[in-house]
Amino acid sequence: AGRGELLIIMAATSICKSHFLVQLGANAMRAGRNVLHYTFELTEVAVGLRYDANFTKISATDIPDHRKEVDEFYDKNDLGRLVIKEYPTGSATVQTLRNHIEKLALKNFIPSLVIVDYADIMKSSRAFGEMRHELKQIYEDLRGLAQELNVPIWSASQLNREGAGAEFAGNEQMAESYGKAWVADFLMSLSRKPEEKENGTGKFYISKNRNGKDGCIFAHDEG
């Protein structure tokens with residue numbers, strides 16, 4: 001499912017978008033799939049710690065003190081391979097990613113899932129007078145890459161001010177450009193009111209699904 005598609009998780013600032021993407025990658029690895037994770041804000045080490053924490057259930061801040069347990073976990077479990085690649089914010093275009101993927105193929109690494117954290121802070125392949133046009137171009141290029149590779153590409157996007165306070169945020173609440181929503185194949189928002197964030201809960205809302213059902217709401221529980 002999702003092969004050749006661009007799939008987006010939308011949420012307000014500090015609502016676990018990056019953690020959600022790590023969860024997707026970790027689940028794919030548990031299924032024996034190879035995961036390629038691009039990061040433009042966090043370091044490769046920080047993302048790696050999040051994967052370690054996800055697998056071992058040890059807090060990311062405590063991982064350095066539990067390297068033996070972490071190493072034993074990887075020795076005992078048959079997982080897919082993971083490559084994490086960091087680029088500075090605003091420096092990588094989709095062509096940058098394509099070149100990197102081609103180099104990985106020469107080393108016999110073929111991803112089953114590509115994670116881009118996150119598309120809104122990539123560099124457009126073309127310069128436009130307005131940011132919204134550049135963002136739409138980035139999304140179009142990413143969707144084209146997903147089709148070329150025939151794998152799902154997951155990324156994240158910020159919600160605008162209206163969406164950040166909404167019970168269920170839809171396509172029109174994507175920050176900066178509605179054109180991004182038009183390009184993406186699948187859009188899902190994560191909404192968390194203060195009391196839900198405190199309780200480790202929230203709500204997912206599927207606002208667009210080009211090849212399936214949308215308008216669905218799911219409860220989220222971190223436990």
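This is a predicted model: local features need pLDDT of at least 70, side-chain atom pairs count only at pLDDT 80 or more; totals for chains, interfaces and linings use all residues.
Close-up 1. Leaving aside residues up to four places away in sequence, His-100 touches Leu-36, Tyr-38, Val-83, Lys-85 and Tyr-87.

**Close-up 2. The contact between helices H4 and H5.** Helix H4 comprises residues 94-106 and helix H5 residues 131-149. Their axes come within 9 Å and cross at roughly 25°. The two helices are therefore roughly parallel to each other, since angles under 35 degrees count as such. On the H4 side, the contact is made by Val-94, Leu-97, Arg-98 and Ile-101. On the H5 side, Ile-138, Asp-141, Leu-142, Leu-145, Glu-148 and Leu-149 take part. Seven residues of this contact are nonpolar and three are charged, while none is polar.

**Close-up 3. Helix H5 along its length.** The 19 residues of H5 should span 27 Å at 1.5 Å a residue, and the C-alpha atoms at the ends of the helix are 27 Å apart, in agreement with that value. Buried residues of H5 are Glu-134, Leu-135, Gln-137, Ile-138, Tyr-139, Leu-142, Leu-145 and Ala-146. Among them, Ile-138, Leu-142 and Leu-145 also belong to the contact with H4. Just after the helix, Asn-150 takes a positive phi of about 60°.

Close-up 4. Glu-140 and Lys-136 form a salt bridge in which the closest N and O atoms are 2.5 Å apart. The two residues are four places apart in helix H5, so about one helical turn separates them. Glu-140 counts as partly exposed, at 31% relative accessibility. Lys-136 also counts as partly exposed, at 26%.

**Close-up 5. The salt bridge between Asp-120 and Lys-180.** A search of the whole structure finds eight salt bridges. One of them joins Asp-120 to Lys-180, with 3.0 Å between the closest N and O atoms. This pair links distant parts of the chain, the partners being 60 residues apart. Asp-120 is in the loop between strand S4 (113-117) and H5, whereas Lys-180 is in helix H7 (residues 178-183). Asp-120 is buried, with a relative accessible area of 15%. Lys-180 likewise counts as buried, at 0% relative accessibility.

**Close-up 6. The salt bridge between Asp-185 and Arg-210.** Asp-185 forms a salt bridge with Arg-210, and the closest N and O atoms are 2.7 Å apart. At 2% relative accessibility, Asp-185 counts as buried, whereas Arg-210 is partly exposed, with a relative accessible area of 39%. Elsewhere, salt bridges that share partners join Asp-52, Arg-67 and Asp-71 into one network.

**Close-up 7. The cis peptide bond between Asp-117 and Tyr-118.** Most residues other than glycine have a negative phi, and most peptide bonds are trans. The bond that joins Asp-117 and Tyr-118 is cis, with omega at about 0°. Tyr-118 is located in the loop between S4 and H5. Asp-120, the salt-bridge partner of Lys-180, is in this loop as well.

Close-up 8. Lys-57 has a phi near 65°, a positive value in a residue other than glycine. The place of Lys-57 is in the loop between helix H2 (44-56) and helix H3 (67-76). This lysine is exposed, with a relative accessible area of 67%. Asn-108 is not a glycine either, yet its phi is positive at about 70°. The loop between H4 and S4 holds Asn-108, and this asparagine is exposed, with a relative accessible area of 61%.

Note on methods:
Residues are numbered from 1 along each chain as its sequence is written. Side-chain values use heavy atoms; hydrogens and water are left out. Axes are lines fitted to C-alpha atoms, for helices over the stretch in contact, and angles run from 0 to 180 degrees between N-to-C directions. Angles under 35 degrees count as roughly parallel, over 145 as roughly antiparallel, 65 to 115 as roughly perpendicular and the rest as oblique. Contact means heavy atoms within 4.5 Å. Ala, Val, Leu, Ile, Met, Phe, Trp, Tyr, Cys and Pro count as nonpolar, Asp, Glu, Lys and Arg as charged, and the others, Gly among them, as polar. A salt bridge is a side-chain nitrogen of Lys or Arg within 4 Å of a carboxyl oxygen of Asp or Glu. Buried means under 20% relative accessible area, exposed over 50%, partly exposed in between (1.4 Å probe, protein chains only). The expected span of a helix is 1.5 Å times one less than its number of residues.
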